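Please walk me through this structure, step by step. I have not seen it before.

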Amino acid sequence: MARVTRTDPRLDLAAAATCVVAALVCLALPATTRDAVAGALRSSLMAPLLRLQERAELGRRTLRGHDVAAQVADSVALRALRLTGIEQENAHLRGLLGLGAALRWGFVPAEALGGRGVGDDPTMLISVGRREGIEPLSPVVTPDGLLGVVDRVDANLSTVILWQHPDFRVSAMSTNGDAYGMVQAHGGSGANRFFLEMRGVLLRAQLKPGDVIVTSGLGGVYPRGIPVGTVVSELRTPDQWARSYLVRPAVPLSEAGSVLVLSRERADAGVPNVWASAVGADSAARRVVAAIDSIARLTGDSNTVRQRRAPMDTARARAGVPGRRGP
Amino acid sequence: MNRSRPFVTAFWIVVLVLAHYTLRPFLGWRVQADFLIVALLLVAVRARPAVAAVCGLAIGAGTDALTPETFGAGALAMTLVGFGASWLKAAFFTENLALNAVFVFAGKWAFDVVYLVAQRRMHAADLLVQLVWWSPLSAGLTAAVGIGVLVWSGTDSVRRRA
């Protein structure tokens, strides 16, 4: 192995120190300058590599899709569809197609580009940008609900702030409109960082575990009715004037592969009845269960009380809504 | 020194950079090999520490452009790893295959340590899990790739030992 002889160690140290200082300066840059530098790099030196990465990501998903299609075509392989991973991918793609059909207009499909893969990254690059009409503050959604919002837009790429980002905020409400609040990342360490929290809910508006939370449409960024998550429990906070709730996100970050970006016009026009089937089924199931509970309490029928979850579970299963936890 | 050696090295660096942006996302594994670290180490063992540091800064800044929230963390980590690897090459980079694997493993793990600390995103417990579990796994995979590159790239004595 050939090695170059060191002639002047001081020169090496000086060059390395300069590089370290340059890197530290990059770390300390103000957000606007940092974004401008990063954007310039993305659209110049890194552009060909990013195009390669996009192709590779598409190739991986195509390969998976091909596997699924082959299994569907082959009746012998139908049993393999029960495999969890393939079922999830299949359901996700079907859901995306269904969501696109329900939205009809005003959206741009995009692929998520993976980051460095070291630790958690609360932002995500997507494969569409200014040329596709993407603007900052455009909501990013999946068939399950809200994933994040576009933060920065380059010519061919955009950076998305995911719901796990500390700056992520969305005005949200319960499906019946009784409770309003502000949803943000729960933060913390361990599993806590994969949850959201809903703050500022009025004391009189109490939410129950399993209640679906959707965007309220207030603030003008997110249209009303996009699922944000499901209430897990109430949080103990020092606030005396409002309640806070722990919310399980509607879109797990691990499923952020293929996404849709809503255009500004679509966000302004609203998304009525797009996610309504799942949310509506959940609300209807709750009303049915509440009615059965009332009847059971009046009649003292213990069998009815024990079996009261059956219609709810059926409705949830049909709507594709995950079941509630707990007894 | 063989005259064709710089071209062979340049060829493998290009291959590794391309692999980082094609093979890595194509595989999509939870534990991923860092081809750029291997490329940087290839440069570091053949160049002066100053050149390795500048290469580290350039590679790190390029990859940081994809994660603007932590812009600079990768550049800092790559700079330190490049400089350190080039500085320590006399001690570590021998013709021994196992030592080369340790060299690449340590380089990747050191990168993760500096990067995660510099980005200041993870809490203590999560950072510990990342550094004790996921980073060593990734470093092991990266070391395997590094050994493969060394064997294929035609370092004669390494090939003989392989």
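This is a predicted model: local features need pLDDT of at least 70, side-chain atom pairs count only at pLDDT 80 or more; totals for chains, interfaces and linings use all residues.

Chain A has 327 residues, and 34% of them count as buried. Its secondary structure comes to 8 helices and 12 strands. Among contacts in chain A with a separation of 6 or more, 59% join residues 24 or more positions apart.

Start with the barrel. Six strands of chain A close into it, in the order E6-E7-E8-E11-E10-E9, with antiparallel pairing. From one strand to the next, the twist averages 40°. Strands of a sheet pair through backbone hydrogen bonds, either parallel or antiparallel. One pair in the barrel shows the antiparallel case. Strand E9 of chain A covers residues 212-215, and strand E10 of chain A covers residues 227-235. The two run antiparallel and are joined by 3 bridges. Within this pair, Val212(A) stands opposite Thr230(A) in E10(A).

Next, look at Leu262(A). This residue sits in strand E12 of chain A, which spans residues 258-262. Is Leu262(A) buried or exposed? Leu262(A) is buried, because 26 other C-beta atoms lie within 10 Å, and 20 or more is enough to count as buried. Its contacts, leaving out residues up to four places away in sequence, are Gly106(A), Phe107(A), Ser138(A), Pro139(A), Val141(A) and Ala267(A). Leu262(A) and Val150(A) are 112 residues apart along the chain, yet their C-alpha atoms are separated by 9.8 Å.

Leu137(A) gives another view of chain A. Leu137(A) lies in the loop between strand E2 (123-126) and strand E3 (139-142) of chain A. With 14 other C-beta atoms within 10 Å, Leu137(A) is partly exposed. Its backbone also deserves a look. Phi of Leu137(A) is near 70°, a positive value in a residue other than glycine.

Now turn to chain B. Helix H3 of chain B runs over residues 35-44 and is mostly covered, with 10 of its 10 residues buried. Among the buried residues of H3(B) are Phe35(B), Leu36(B), Ile37(B) and Val38(B). The list also includes Leu40(B), Leu41(B), Leu42(B) and Val43(B).

How do the two chains meet? The contact takes 45 residues from chain A and 52 residues from chain B. On the side of chain A that touches chain B, two or more residues each come from helix H1 (9-28), helix H2 (31-43), helix H3 (47-73) and E2 of chain A. H1(A) provides the largest share of that side, 11 residues. By type, the residues on this side of chain A divide into 24 nonpolar, 10 polar and 11 charged.

Two packed helices are described by the angle between their axes and the distance between the axes. H1(A) packs with helix H4 of chain B, residues 49-64, at an angle of about 15°, with the axes 7 Å apart. That angle makes H1(A) roughly parallel to H4(B), since angles under 35 degrees count as roughly parallel. The crossing of H1(A) and H4(B) is left-handed. From H1(A), the contact includes Leu11(A), Asp12(A), Ala15(A) and Cys19(A). From H4(B), the contact includes Pro49(B), Ala53(B), Leu57(B) and Gly60(B). The residues of this contact divide into 13 nonpolar, 2 polar and 1 charged.

Notes
Residues are numbered from 1 along each chain as its sequence is written. Chains are lettered from A and ligands numbered from 1 in the order in which they are written. Helices (H or I, at least four residues) and strands (E, at least two) are DSSP runs, numbered from the N terminus. A residue is buried if 20 or more other C-beta atoms lie within 10 Å of its own, exposed if 12 or fewer, and partly exposed in between; C-beta atoms are placed from the backbone. Two residues are in contact if their C-beta atoms, placed from the backbone, lie within 7 Å. Two strands pair if DSSP finds at least two bridges between them. Axes are lines fitted to C-alpha atoms, for helices over the stretch in contact, and angles run from 0 to 180 degrees between N-to-C directions. Ala, Val, Leu, Ile, Met, Phe, Trp, Tyr, Cys and Pro count as nonpolar, Asp, Glu, Lys and Arg as charged, and the others, Gly among them, as polar. Angles under 35 degrees count as roughly parallel, over 145 as roughly antiparallel, 65 to 115 as roughly perpendicular and the rest as oblique. A crossing is left-handed if the near helix is turned anticlockwise from the far one by less than a right angle, and right-handed if clockwise.
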